[in-house]
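Thank you all for coming.

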Amino acid sequence: MNLMDCMMDELANEAKIKAMTDRDIFSWLEGMFIFSLIWSIGASCKEDDRLRFDLIVRELLTGPLSDETRDKYKLLSGVERIPAKILTVPFPEEGTVYEYRFIKEGEGRWEPWVEALKSAPPISKDMLFNEIIVPTLDTIRYFALMELLTMHQKPSIFVGPTGTGKSVYIIDFLLNRVNKEVYKPLLINFSAQTTAAQTQNIIMSKLDKRRKKVFGPPLGKKMVVFVDDVNMPAREVYGAQPPVELLRQWLDHRNWYDLKDCSIIKLVDTQIICAMGPPGGGRNPVTPRFLRHFNTITINEFDDASMYTIFSRILDWHLTTCYNFPPDCVELTEQVINSTMTVYKEAMENLLPTPTKSHYLFNLRDFSRVIQGVCLSRPETTESTGVIKRLWVHEVLRVYYDRLVDKADRSWLVRCIQRVVEKDMKEDFGELFQRLDFNYDGVVEEDDLRSLMFCDFHDIKKEDTNYREVFGVDELRTVVESHLEEYNNMSKKPMQLVLFRFAIEHVCRISRILKQPRSHALLVGVGGSGRQSLTRLAAHMADYTPFQVEISKSYGTNEWHEDLKVILRRSTEGEMQGVFLFTDTQIKRESFLEDINNLLNAGEVPNLFAVDEKQEICEKMRQIDRQRDKTKQTDGSPIALFNMFIDRCRDQLHIVLAMSPIGDAFRNRLRKFPALVNCCTIDWFQSWPSDALQAVATRSLEDIEMSEETRNGCIDMCKKFHTTTITLSENFYNELQRHNYVTPTSYLELISTFKSLLENNRTQVMKMKKRYEVGLEKLDSAASQVAIMQIELEALQPQLKIASKQVDEMMLVIEKESLEVTKTEKIVKADEAVANEQALAAKAIKDECDADLAEALPILESALAALDTLTPQV
């Protein structure tokens, strides 16, 4: 009924109705009803179901349904058993009912949708690859239905698998195919972390206050809110999705409530368009109470004819319109498209996602990335058709091979590519890659394809920046080492990298991603694999400005948003492109990934900038806008200038995410934030090959003093320890289902520990050696001194004999004198005895005198005292 209502505009004009006959009016009503039936009930069908729907509708148009049809499709009986009325304007018999639209002219007519393709303009030469929308039967139908529903304010929801173009079609419609003076788009991306409050704040920030409690866009304007991935929000404990319930309340009552004072807020002149993928893989089923408001239109995966039409036109545009390739290269279009289609289909059938391979999600974006890579070719680098074919193989490897986890999957893909090259491209795989057959056995193996590299930095002078095949890895290593040396001279944090072939390969892969417009990378690997270092080096080689946030203990949402503001502003100020490197160790809150998801999807973080900051940004964009070509200038309105800022962010900022596959966090994040897979080219850093282990160990041990034989033995020892530990860890997992991760960091720590232990032991040995040498020196010194003293002693021997003789003679004299002294001593002792006796007598006399004196002294003192009492006579 919504579509019927949309098609009634002419019938609302009384003058128009009076000018029409009853037969024409009935014919129009019949045609509008059938068209509305097809694109309401029938629009929700998948491709196979549309064929069944076509059969049922055609049978209903010609008469009642047969019992055979009822039994086949398990239909209930009903009033349709009555004979059908013959249509005034018969429905065409060719094709399906989906291939026609009703034209209200005269009595009405059924016109094939494909008629509108004849007036479709060609792809312009200056258009970017990511801006191309090739008109097809599907795009014509979807744009017509969007216009019909949007112009009549009917909510619509587009459902389809990832990569079918839902978001691209709707965004292109809202930005380029509606009256910009009337309709103002608002783009919102939902993810697993989106909340109802965020949703309400985003929408309210774009609306003006009309009057008390009434909000809407500026007068005379209409706001169209596009919600992408509407079924992504996580369910809460009771099974509801709060952001979806908020939108349902708006559609039910045309209002919601203020988050501050809970007063009612009415929304006017605002409508909604949604897009979502089918439930599964992080997407949830949406409640019927929400879906009942929408016209549901299913965007099915393209059939082979549509895919061939789209991508062959793009490749022809590149080979003929943009550049003038030789005719034999132009003729390869069919082979390239068919080969890509075969690999795409076989990858979807054989490389299925599992819990450990949750990123094995292939869609038309991967098909597009292969063709986009082929479009990096240039006539001056294409000497033959073989270059285009090798480039195609290289791009398939980069898009599909680089994300594969285990050896079995990688081997399967290489075999698939070999079959496709020989079957669809009519080329012998061994001859095509003859130069990669290093062992000359006539077979190009998987390991040989590692040397298939294309890059744009092969010229050290940067004079030739074309995307060209690399024929010498050693020459390319020299170029990269010169860039690394230049980086270390300029950087405050130099990188001591060993540029073995494994590192060169990943530098080429990262550079390829950064070279493409609006491209982002997801680098997956364990610690120490070189994700961050190689990204910085690749950004330096491309002259891009690197950005990275500094995490601290107090780092929170406010600091994160301030860092994002700085990064977005700096990346849009000039023409220099930027690389935002963000690692999983910097994810302090899951809301950080919510913002990254929005940047990948839409190029902005909703409500990031305040009003005054937006005004400042618009002023800067106005200055840049005036310097552009007049055909590309905006209308100067704030919305147009801010959209220009967002476009510059998307064009000039490449996001490189470095994550570890260890644990459940990686798998959960891919499920919650689908843009991490859909909008990024994945590069899975495998474990280091043998030549990488050899190169790192050689570089690390080259400055240690040892013989070449010993050094080679140490290198082999380190490699053996590392590889056997990996093998043991695999056996450990197979037996106990427990992981033990052996990372490049472990290998580097092994070498570092070996060097440290060697240095410590050498220091200890040298210390003991020095002590031993000092002891030997002391012994030698003592022996020499003893020898000298022996010589001196021998020289003094005659003098000693003379002195001994003199001593003997002196002893005889002394003996004689001793006898005399003895006699004298006896005499003296006799005299001493006499003297002692006399002294004793004298002492006795003295003692007697002292006693008498002691008795006389008191008498004397009393006499003196009596004299003192006498007085003289007068």
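Let us begin with K462, which sits in the loop between β12 (453–455) and β13 (468–470), where helices (H or I, at least four residues) and strands (E, at least two) are DSSP runs numbered from the N terminus. Before going further, please keep in mind that this is a predicted model, in which local features need pLDDT of at least 70 and side-chain atom pairs count only at pLDDT 80 or more, while totals for chains, interfaces and linings use all residues. Residues are numbered from 1 along each chain as its sequence is written, and side-chain values use heavy atoms, with hydrogens and water left out.

Most residues other than glycine have a negative phi. K462 counts as partly exposed because its relative accessibility is 34%, and here buried means under 20% relative accessible area, exposed means over 50%, and partly exposed lies in between (1.4 Å probe, protein chains only). R518, in the loop between α19 and β14 (520–524), is not a glycine either and has a positive phi of about 55 degrees; with a relative accessible area of 24%, R518 is partly exposed.

Now to the helices. The axes of α19 (residues 501–515) and α20 (residues 531–541) come within 9 Å and cross at roughly 55 degrees, which means that α19 is oblique to α20. Such axes are lines fitted to C-alpha atoms, for helices over the stretch in contact, with angles running from 0 to 180 degrees between N-to-C directions; under 35 degrees counts as roughly parallel, over 145 as roughly antiparallel, 65 to 115 as roughly perpendicular, and the rest as oblique.

Another residue to look at is R648, which lies in helix α24 (residues 638–652) and is buried, with a relative accessible area of 9%. Leaving aside neighbours within four places in sequence, R648 is in contact (heavy atoms within 4.5 Å) with several residues, among them E573, E575 and M621.

Finally, the cysteines. How many disulfides does the structure hold? There are 0, a disulfide being a pair of cysteine sulfur atoms within 2.5 Å. C508 is in none, and the nearest cysteine sulfur, that of C455, is 4.6 Å away; C508 is also buried, at 4% relative accessibility.
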